[in-house]
Amino acid sequence: MAVPARKTSKAKKRLRRAHLKIAKPEISLDEEIGDYRRSHHVSLKGYYKGRNVTGKE
């Protein structure tokens, strides 16, 4: 079984993991309905690409 010759330092470990972070969701204002929504997602009012897809309202 392979065993590392030296212990990986905290700094080296943190440098390696520096890109592993939670990305914030991209939220934009939908001009047609005046509601905020995530890209490629249904808005809170039930609209997608300008039309009602959930049957609400």
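## Reading the model

This is a predicted model, in which local features need pLDDT of at least 70, side-chain atom pairs count only at pLDDT 80 or more, and totals for chains, interfaces and linings use all residues. Residues are numbered from 1 along each chain as its sequence is written, and side-chain values use heavy atoms, with hydrogens and water left out.

Strand E1 covers residues 27-30 and pairs with strand E2, residues 35-38, in the antiparallel sense over 4 bridges. Strands here are DSSP runs of at least two residues, numbered from the N terminus, and two of them pair if DSSP finds at least two bridges between them.

## A salt bridge

The structure holds 1 salt bridge (a side-chain nitrogen of Lys or Arg within 4 Å of a carboxyl oxygen of Asp or Glu). Arg37 and Asp30 form it through their side chains, at 3.3 Å from N to O. Asp30 is buried, at 12% relative accessible area (buried is under 20%, exposed over 50%, partly exposed in between, with a 1.4 Å probe and protein chains only).

## A nonpolar patch

Ile27, Leu29 and Tyr36 make a nonpolar surface patch of about 320 Å². Such a patch joins nonpolar side chains within 5 Å, from residues with over 30% relative accessible area and no salt bridge; areas come from the Shrake-Rupley method with a 1.4 Å probe. Ile27, found in E1, counts as exposed at 53% relative accessibility.

Technical notes: Patch = residues over 30% accessible without salt bridge, like charges linked within 9 Å, V, L, I, M, F, W, Y side chains within 5 Å.
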